[in-house]
Amino acid sequence: MLNAFRRPVLARSFTSRAVNGFTEAIGNTPLIYLKGLSERTGCRVLGKAEFQNPGGSVKDRAALGVITDAEEKGRIKPGGTVVEGTAGNTGIGLAHVCRAKGYRCVIYMPDTQSQEKIDLLKMLGADVRPVPAVAYENPKNYNHQARDFAKTLDNAIWTDQFDNTANANAHYKSTGPEIWEQTEGKVDGFICATGTGGTLAGVGKFLKEKSHGKTQVWIADPPGSVLYSYIQSGGKLTERSGGSITEGIGQGRITNNLGTFVNDIDAALHIADAKSISMVYEMLDSEGIYIGASSALNVVAAFEMAQKLGPGHTVVTVLCDGAYRYQSRLFSKKWLHAKGLYDAIPDGLKKYAVLD
Ligand SMILES: Cc1ncc(COP(=O)(O)O)c(C=O)c1O
């Protein structure tokens, strides 16, 4: 009986036809059976390999979703401009999709971001505008500046990734159905952390509907985010403490995307950075999978969910992006020591921290 759970779910199926450009290459990512964690829990623990999207992350789906939605609603016409406030993967996804579709792409970001990120977006053809890093409440916050700039142009949109529900809808229409099909409808649990909430809300909604409420959907939350306390307190508290080395996840409010699903979330897990960093190394050593810290947090969360559900269950999570964008930190001894995380890595795996 258990052997059935230890076997890979499906071999990857390939479409027989060529896809039409970058945008059609988004999605249809493999669902990877994580052998070590599955064997330790007696469950199938599966990771959706979103790092295999052509722009390198789960945010390619959201980028395509918000632009396609604007096109369908007639909000942007050929030759138009796409404006967003983002410091990370969404900007990369938007820059790629804009090139593929012939739009101009303008990205506002806090000026605290690394030169590497600025350079990458510029290489992808985006007009990058670093602005002073001020709180969301301040009208000069990078998100508000993006919105205000878009209003000054003709034929331009602010894609508004946090509150534009076309983001969650992209996952409802693609990521959710793919997971359902790849597990042949046998998915007992889905868990991931949230930034905009698009992935969790879109996938969660689809799986809940398809399973008639049977699939448990849990949220994983890093330190410094309010969502764990929000779910645990039944929506009463938004407490936050500490901060996290993870990027792209953690939130101080219920975004519109998360709001479409927040009342259907069954439980929350809080995952400390020490566990996430250790999992970056464990996944590399035992599975050969090179993932960033938000993905590693998701894998820890899927492992803990599987332990709580007990043997015989199938639990799915999201491998959001690769470690390539963070390797100068995640594999640097100096950085790990500075963050107090070097000793979180098991002794036998410290050999992977090859950078000084
Ligand atoms: C690396 C990474 N992980 C996870 C997420 C969270 O995804 P979502 O915005 O769908 O909640 C993001 C979002 O930007 C991200 O960049």
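Predicted model: local features only at pLDDT ≥ 70, side-chain atom pairs only at ≥ 80, totals over all residues.
**Exercise 1. Find which residue just after α13 takes a positive phi, and give the angle.**

**Exercise 2. Check whether the span of helix α13 agrees with its number of residues.**

Solution. Start with the count: α13 covers residues 273-287, which is 15 residues. The expected span is 1.5 Å times one less than that number, so the helix should span 21 Å. Now take the end C-alpha atoms: they are 20 Å apart, which agrees.

**Exercise 3. Work out which residues of α13 are buried and what they pack against.**

Solution. Count the other C-beta atoms within 10 Å of each residue's own; 20 or more makes it buried. Asp 273, Ser 276, Ile 277, Met 279, Val 280, Tyr 281, Glu 282 and Met 283 are buried. Next, look for their partners: these buried residues pack against α14 (293-309) and α15 (327-330).

**Exercise 4. Describe how domain 1 and domain 2 meet.**

Solution. Then list the contacts: four residues of domain 1 touch four of domain 2. On the domain 1 side, two of these are polar, two are charged and none is nonpolar.

**Exercise 5. Characterise the shell around the ligand.**

Solution. Begin with the count: 19 residues surround the ligand, and Gly 195, Thr 196, Thr 199, Gly 248 and Ser 294 are the closest. Helices α5 (89-101) and α10 (198-210) each give two or more residues. Sorted by type, the shell has 13 polar, three nonpolar and three charged residues. Finally, assign domains: domain 1 and domain 2 each supply at least three residues.

Notes
Residues numbered from 1 in each chain as written. Near = placed C-beta within 6 Å. Helix = DSSP H or I, 4+ residues; strand = E, 2+ residues; numbered from the N terminus. Nonpolar A, V, L, I, M, F, W, Y, C, P; charged D, E, K, R; others polar. Domains from an automatic or database assignment. Contact = placed C-beta atoms within 7 Å. Buried ≥ 20, exposed ≤ 12 C-beta atoms within 10 Å, placed from the backbone.
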